[in-house]
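These are my notebook entries on a structure that was new to me. I set down what I looked up, topic by topic.

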Amino acid sequence: MSGNGQDPVIDVRGLRKNFGERNVVDGLTLQVAKGEICGFLGANGSGKTTTIRMLCGLLTPDGGSGTCFGRDIIREAALIRRQVGYMTQKFSFYEDLTVFENLDLVASIYEMPHGRAAVYAIMERMGLTDRAGQLAGQLSGGWKQRLALTACVLHQPRLLLLDEPTAGVDAKARREFWDLIHDMADEGLTVLVSTHYMDEAERCKRIVYLEGGRIVVQGTPDEVVSNAGLITFAASGTGIDEAARRMRRAPGVESSTVFGHLLHIAGQDRVLLEATIRGDAGQDLSWREVEPRLEDVFIHLLSEKSTSR
Amino acid sequence: MKRFSFRRFWALLRKEWLQVKRDPMTLRLIIAMPVMQLLLFGYAINTNPKDLPAGLLMAQPSKYERTIVAALRNTGYYKIKTLSSEAEAETGIAQGSLLFVINIPPDFDRLVDRGESPSILIDADGTDPVTIGSATSALSGLTNALNRDLPPIRQAPAANPAFNFIIHARYNPEQITALNVVPGLICTVLMMSTMILTTLAITRERERGTMENLLGMPVRPIEVMLAKISPYIAIGYLQVLIILGVSTFLFQLPVQGSLLLLLLVLGLYIASNLALGITYSTIAANQMQAQQMAQFTMLPFMILSGFMFPFQGMPFWARCIGEAVPTTHAMRIVRGILLKGNGLAEIFPDIWPIALFICVTVFVAVRFYRETLD
């Protein structure tokens, strides 16, 4: 089965997990193909971390079934663990060990044949050689995250599970991080990454949007934007903050957000939206229709959630 | 900022209270600890122990045997059994299963009848002077009390007693309490300093978030356990050397037995404390709980081991608990090797309980170790 390159790396059906009364993951079905970068999106508490933890065997699902590389995620969790690199949301390496010591420990835990050599090689590739002797606790956020990624890929996993890997990291470090991810995906590594950043979501081959422990939208970033059927107008000028508040209550407007000096309003009903804009004439604003962006779609999804409950 | 804000204080107090309330384990420990300790120590401590195991060794059958044994028994301090040989007496006293050996010399009957006041030699285990203290002082009144039970011809001249007791405190002839206290101290100090080392081992990982990463990697529970215990055995040995050094130079502690044997056995004892510590660490939900569990056991272990108060003085149930405590056995071993010059054969009965304790605690630790975050 594993010999067939067409089989999905991750193939889970109806995955469920309850914490007490709460269904954190509620019937999640997901396939991820080999070499794919799959972005996990959704509000805080939508079940991203719990799903990732179930995939690498850190949590036992309460229901559902599935496989990673054809191995059962419940019965063969230990085998899956060896082929997965899991980067936790919180930095979870030993702050009182140096960069090299941390990596050496990981290499030893995975019983890598030429562990030391592999550590030196990967430090070189990831640009960590100069910091080999530095205590992990003294690294800056960006370097900590790079160390964590290095430790995750050290044992040459077939699947990377990254849980908000770039939270709190500056833009340059984030870009470099994603360049590395793309390089590795090109080499055949499958990546599942959760994020809150739209620019990162746009760099995914496929995005999955979770809500209440279920997948509500998925597809390539372009598909997600076009399937949302959103019409977006942008306005610039003085008083856009005040206009944003006014627009939120206007008919046909599902979301109204300020991006820098631009106000975006979005909705699914073009006629209502255009009427609203005409009605708002007299204000010092110039409106034009724009291509909806992924961010508009997600804000739309998030606000849809809050109005539907 | 300098001003004390009652509102801020109240908010903080409320938060702390909520945390305590939501941690029922800690709450239970806080309540149970003093109650348990009061109960245990209140009933278990007895500096005037009775029914101490004693052996009777007779060179030849004596018609006065029954009278003497009855008199000794009546003091309440002696639980006497008759021994068949000198060798049995020797092993008994070396292993600690006998605290006294009562030697009735040959010709005892004839010497008593002729009024020559023969002596009964009592060999006492002097390693713990407190334990045998009351029992030996009770002997002085016994020689006269025995007179009434003697045949009429020997009763009249009360000038010299029918016989004497000669007490020979073995191992610690000067009855120096320090010689007993120091070996005990070695064990208790070692217990307190080593147990705490591993107590926080697992909980710390869990609280720092490093556990999630460790669990995500292919590690076996037993690997984690042993890896956490091992380095501390070395630290334990360092402590042993310091304690032994201080004891020999400051307290002039004699080393009668093999130092190598002592060090080997102490390694086992250190491991038992570390194993208990790590067991607490896996059971406890946070560092606070783990620490309290350790503190909860230290004092009872110390007291039930016979360090502070005579082991023989405790009631049967307390002695049973004491027998399960590694410190009890370690203390017997250390006293045995240092003061009695015991070898492997004599200390073996105290070695296997420590080994068993390690096996049980590590088993519990591995059972409680969760390989998932559930």
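This is a predicted model: local features need pLDDT of at least 70, side-chain atom pairs count only at pLDDT 80 or more; totals for chains, interfaces and linings use all residues.

**Entry 1**

I looked up how chain B is divided, and found domain 1 (52–170) and domain 2 (177–368). The C-alpha centres of domain 1 of chain B and domain 2 of chain B lie 39 Å apart. How many residues of each domain of chain B are in contact with the other? I found 10 residues of domain 1 of chain B in contact with 11 residues of domain 2 of chain B. On the side of domain 1 of chain B that touches domain 2 of chain B, the elements giving two or more residues are helix 4 (86–95) and helix 6 (129–137) of chain B. Helix 6 of chain B gives the most to that side, with three residues. Sorted by class, that side of domain 1 of chain B has five nonpolar, four polar and one charged residues.

**Entry 2: chain B as a whole**

I recorded 17 helices and five strands for chain B. Of the 374 residues in chain B, 38% are buried. Among contacts in chain B with a separation of 6 or more, 80% join residues 24 or more positions apart.

**Entry 3: where chain A meets chain B**

I then turned to the contact between the chains, which takes 18 residues from chain A and 12 residues from chain B. On the side of chain A that touches chain B, helix 2 (77–83) and helix 3 (99–109) of chain A each supply at least two residues. The largest share of that side, three residues, comes from helix 2 of chain A. By class, I counted 10 nonpolar, four polar and four charged residues on the side of chain A that touches chain B.

**Entry 4: a sheet in chain A**

In which order do the four strands of the open sheet in chain A lie? I read the order as 2-1-4-5, with antiparallel pairing. Strand 2 (22–32) and strand 5 of chain A are the edge strands, each pairing on one side only. Strand 1 (residues 10–19) of chain A is joined to strand 2 of chain A by eight bridges, and the two run antiparallel. I noted that A:Leu15 has A:Leu28, in strand 2 of chain A, as its bridge partner.

**Entry 5: two residues with positive phi**

I found A:Phe69 in the loop between strand 4 (63–68) and strand 5 (71–72) of chain A. A:Phe69 is not a glycine, yet its phi is positive, near 45°. Is A:Phe69 buried or exposed? A:Phe69 counts as buried because it has 20 C-beta neighbours inside 10 Å.

B:Asp51, likewise not a glycine, has a positive phi near 50°. I placed B:Asp51 in the loop between helix 2 (24–44) and strand 1 (52–58) of chain B. B:Asp51 has 15 C-beta neighbours inside 10 Å, so it counts as partly exposed.

**Entry 6: nonpolar cores**

The largest nonpolar core has 83 residues, of which A:Leu161, A:Val191 and A:Leu192 touch the most other members. Domain 1 (10–225) and domain 2 (229–308) of chain A both give residues to this core, so it lies between them. Apart from this core lies another, of 55 residues, among them B:Met195, B:Phe301, B:Ala318 and B:Ile337.

Methods. Residues are numbered from 1 along each chain as its sequence is written. Chains are lettered from A and ligands numbered from 1 in the order in which they are written. A residue is buried if 20 or more other C-beta atoms lie within 10 Å of its own, exposed if 12 or fewer, and partly exposed in between; C-beta atoms are placed from the backbone. Two strands pair if DSSP finds at least two bridges between them. Two residues are in contact if their C-beta atoms, placed from the backbone, lie within 7 Å. Ala, Val, Leu, Ile, Met, Phe, Trp, Tyr, Cys and Pro count as nonpolar, Asp, Glu, Lys and Arg as charged, and the others, Gly among them, as polar. Domain bounds come from an automatic or database domain assignment. A nonpolar core is a set of buried Ala, Val, Leu, Ile, Met, Phe, Trp, Tyr and Cys residues joined through C-beta atoms within 7 Å.
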